[in-house]
Amino acid sequence: MLSTMSPAQPAPGLGRDEVLGPGLYVHVPFCHSECTYCDFYRVSYRDRAADAFLDGLSLELDGLPRDLRPRTVYVGGGTPSALKVDQLERLLGLLEPFWLPGQERTFEVNPRSATLPKIELLQRAGVTRVSFGAQTFGASALRMLGRRHGPEDIGRVYGLLRERIPSISFDLIFALPGRSLEEWDFDLTSALALRPDHLSIYSLIYEPGTPLAEAVGRGEVEPVPEGVEREMLLLAVSRATGAGYEHYEVSSYSLAGHRSRHNQAYWEQRDYIGVGPGAWTTLGSLRTMNAKDLDGYVRGLRERGVPPRLEERLGEAERLNEHILLRLRTADGLSLRGFRERAGRSLEEHSGGRLGQLVSRELLAADGDRIRLTLEGLCVADRIIAELMA
Amino acid sequence: MSEPAVDRSRIRNFCIIAHIDHGKSTLADRLLLHTGTVSQRDFQDQMLDDMDLERERGITIKAKAVTLRYRRPDGEHTLNLIDTPGHVDFSYEVSRSLAACEGALLLVDASQGVEAQTIANAHLALEAGLTIVPVLNKIDMAAARPDEVIEEMVHALAIDPGRVHRVSAKTGLGVPELLDLVVERIPPPSGKEEAPLRALIFDASYDEYRGVIVYIRVVDGAIRPGQSILTMGAGRRYEVEEVGIFNPKMQKLPALRAGDVGYLTATIRNLSDVSIGDTVTDRSRPATDKLPGYKEPLPMVFCGLYPTNNTDFERLRYALDKLRLNDSSFTYVPESSDALGFGFRCGFLGLLHMEVVQERLERESGVDIVQTAPNVTFEVLVRGGEMIRIESPTQLPDPGRIELVCEPVVRTTIMIPAQYIGSIMTLMEERRARYMRTDYLSQSRVILVYEMPFAELITDFHDKLKSLTRGYGTLDYELVGYSPEDLVKISILVNGSPVDALSFICHRSVAEARGRKLLKKLKEEIPRHLFEVPLQAALGGKIIARESIGALRKNVTAKCYGGDITRKRKLLERQKEGKKRMKSIGSVEIPQKAFLAVLRLDEEK
Ligand SMILES: Nc1nc2c(ncn2[C@@H]2O[C@H](COP(=O)(O)OP(=O)(O)OP(=O)(O)O)[C@@H](O)[C@H]2O)c(=O)[nH]1
Ligand code: SF4
Ligand SMILES: [Mg+2]
């Protein structure tokens, strides 16, 4: 249960966050797969396009402040491991100027494209952490999702990673159509047997416009009933916490010292800089997104030194809503005092008395200054957050 | 004064009347264009339908006056035209227009033929003593059947077939000749210009800058800026600021004289000071007799209107006051509901009227409104012999005090192609209707006359009639009286507490079935909450049906990283906004649609 978890533990060997700058996110928009549920910005891998992307990225990185000292670096996508070995090498070279000692450096890898040479490259570059997109051990479920790996790839590649990368995070998806509670239990058991340092456990979301959502619309795919989905979520929580993992955010579980520092910065509303097409940056109240347009990205950087961007100004109301949203999703919870200082009024007032109702319904737990989701509240966190927003 | 006066014998005041969609506004367009009142450049289709709601729905809601200058060899004529709505709910607009005219163009669609409001409106015009010019419209259409339709006109309205003029309002065919017929057949106004001023107030609107704009038909005398006037009914005094005509925009004139139709302004700020049907006269030389005015229409359908946000009560009252000026056919009195707080019980002429008023209120005032399900009026005989009228289910006295409950009965005239008689008769049986008679309008079209409870008519009868007759069925109704029935009140409890705004009155024989259906509908309409919401229907303290809206079980999205935050926040903010538009009762949020669920109990799932 979220509310029973211990407070944040400092990552070993790192006490200097204050002097370090925003997190750096790098979006690599290529995949070999076309996952049916995916709504990330990505295009099919093409050799030439990947080279052009790296050209653009190099220009965009050049444009970052010289003294940028990113406290974490996270390379995601897409599928960074879809790049060929030499391209991956070039990418690591581009990032090297931002390497700092003790930094968390994460790469997303996928069981199909992560070959030994690529993994060794990551190892040599001092990558501290990989996020491993296993998703499920069900062969037919993997096919339905449009993933190109099979269950057998998971253990094999995991083994390669385990020996070379200090911290491994393992992605799992539940509530897959046609997959029962027992099969989900099997996925959890199999994943826990590998004892990854971190687990990211997601429920399948039918994002509008994705092939999977459209199949549901046509009646070809039947989503898992809500009640079963809830059971699956509760099972994940109890299995993972039972195995000694800390449940520190709605979908994140870690062994001691293995929280994702990069992701935590999002939830703490710290600044972050994103590079690559489709990447987001937030610096104070300014939030920008590089356009989801690879060609435009490369052209913009070549011609004007900047990619096309969309911009959003966050007002105080938006920042407060995000504060509620992000804080409540974490085990550390929301500090009532901190809220009052920011908002100039209490959360009880801000929510028009709903906070009290949610606490009395035991959907939220108040522990001194902290408000956290209860296990019951975790299941309906979105609604709770909406209730508290002004 | 010295302004040149139009020769009174060169004025014609007329309106266009017809069943809905027979082409009145389109004909008005042609007349505006042909007389050069509007240039091609400024023109748009159904030009006089200038309210947003009229354009969106493609129907006329308000009668609209406009002055045309028509030149003929014998000189220029001033034609004051009023385009009227055709829907039965707006027939009060027609009656008011008739009182400002000497003649009426009775339009009949050459493919649809004579329909319910053709007859109803023709009778209104005849009763008002108007000269009728029968016009057959849409003769350009492939489906036109002019001879048959003229035969229907002869049969239903005793019209001389030789006097029916044929036009196409779309192509303009026959329109120039029609203008001459207006001049030749309709008599000029008969008022006396030398007599003391008498002008009939037939409509009004409100303008933030000029105050109330009063629409008048000058019957006797003349009216000018600077003149001191008196409203004979309300007894208010004003100084005229401006007079003019509609062209179709307002156009200032030095004076309006006997026979003219136009407007006056007098810095009238108090909305309730102006009453439609009142007579304007000269203060220094008042007329002795008021003009007859109008019979106030009797509202037939009632519902509660409440501001979604309780603090908007006064704004809603102001919006009602303002709208009432422009639509004197609805009524409103404050009421309060345990569930909804303070609001108004409003009376309307029909369901479309109700919808239109509600939409106009929301648009013209920006107040979000919760509307309760409509109901009819009931007459209740209470112990001790007193008869009371109730306009809301909550007003029904304790069962112990009730001797009798009577509901309104209407005579319903249904016009349909003969092949649908069977299905309509079945429908009528289901609606507790009593058959009166059948008339043949022509070989293929019949008129069925029934008496039925009005309550049955307002619960989606019109839609049923339309769908059973492929759109060809039309209906008209009038109140014939109240009849005692075994009527009971069903109360609805949401999360254990009664929600008065959901209660309804119905016949005992259907009480249980209706209660059950309503709960099913409510279950569909009320979103799930973080807790289970039980729903119950009760008849006099006894629960007759129950349902339950299960609690939300899982509602949490997995990912929330850098690129997800904006989207996720906006999603939740929208959810939150949606909730603000719902009415919060106890801790349950009830959307507007739920309050109207009782109307749609007959819909199949
Ligand atoms: N073909 C054809 N269509 C016509 C003619 N006159 C009107 N229409 C069409 O009939 C429809 C209804 O026309 P309106 O002028 O809005 O009818 P209305 O009588 O003013 O309707 P309400 O004011 O709502 O009662 C429109 O789509 C017109 O284009 C005509 O002479 N020929
Ligand atoms: S690998 Fe990831 S980014 Fe690529 S298609 Fe699949 S889900 Fe989308
Ligand atoms: Mg019209």
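**Strands and their surroundings**

Tutor: Let's begin with strand 28 (residues 487-494) and strand 31 (residues 533-539) of chain B, which pair antiparallel over 5 bridges; strands pair if DSSP finds at least two bridges between them, and strands (E, at least two residues) and helices (H or I, at least four) are DSSP runs numbered from the N terminus. This is a predicted model, where local features need pLDDT of at least 70 and side-chain atom pairs count only at pLDDT 80 or more, while totals for chains, interfaces and linings use all residues. Residues are numbered from 1 along each chain as its sequence is written, with chains lettered from A and ligands numbered from 1 in the order in which they are written.

Look for Val494(B): its bridge partner in strand 31 of chain B is Leu535(B). Leu535(B) also stands opposite Glu547(B), in strand 32 of chain B. Strand 32 (residues 542-549) of chain B runs antiparallel to strand 31 of chain B, and 7 bridges join the two. They form a hairpin with 2 residues between the strands, where Gly540(B) has a positive phi near 50°.

Elsewhere in chain B, 8 strands make an open sheet with antiparallel pairing, in the order 11-10-16-7-8-15-12-13. Its edges are strand 11 (237-239) and strand 13 (250-253) of chain B, each pairing on one side only. From one strand to the next, the twist averages 40°. One facing pair to find is Leu200(B) and Arg217(B), the latter in strand 8 of chain B. Helix 7 (residues 313-326) of chain B packs on the sheet and touches strand 7 and strand 8 of chain B, its direction making about 140° with that of strand 7 of chain B. (Axes are lines fitted to C-alpha atoms, for helices over the stretch in contact, and angles run from 0 to 180 degrees between N-to-C directions; contact means C-beta atoms, placed from the backbone, within 7 Å.)

Now step back to the whole chain. Chain B has 14 helices and 34 strands. Its radius of gyration is 27 Å, close to the 25 Å that the globule rule gives for 605 residues, so chain B is as compact as a globular protein of that length. (The radius is taken over C-alpha atoms, and the rule is 2.2 Å times the number of residues to the power 0.38.) Along the principal axes, the C-alpha atoms of chain B fill a box of roughly 80 × 70 × 60 Å.

Chain B also has neighbours. Around ligand 1 there are 20 residues, the closest being Gly23(B), Ser25(B), Ile59(B), Thr60(B) and Gly86(B); being near takes a C-beta atom, placed from the backbone, within 6 Å. Helix 1 (residues 24-34) of chain B gives the most to this shell, with 3 residues. By class, the shell around ligand 1 has 6 nonpolar, 9 polar and 5 charged residues. (Ala, Val, Leu, Ile, Met, Phe, Trp, Tyr, Cys and Pro count as nonpolar, Asp, Glu, Lys and Arg as charged, and the others, Gly among them, as polar.) Finally, 23 residues of chain B are in contact with 36 residues of chain A. On the chain B side, they divide into 9 nonpolar, 7 polar and 7 charged.

How values were computed
Two residues are in contact if their C-beta atoms, placed from the backbone, lie within 7 Å.
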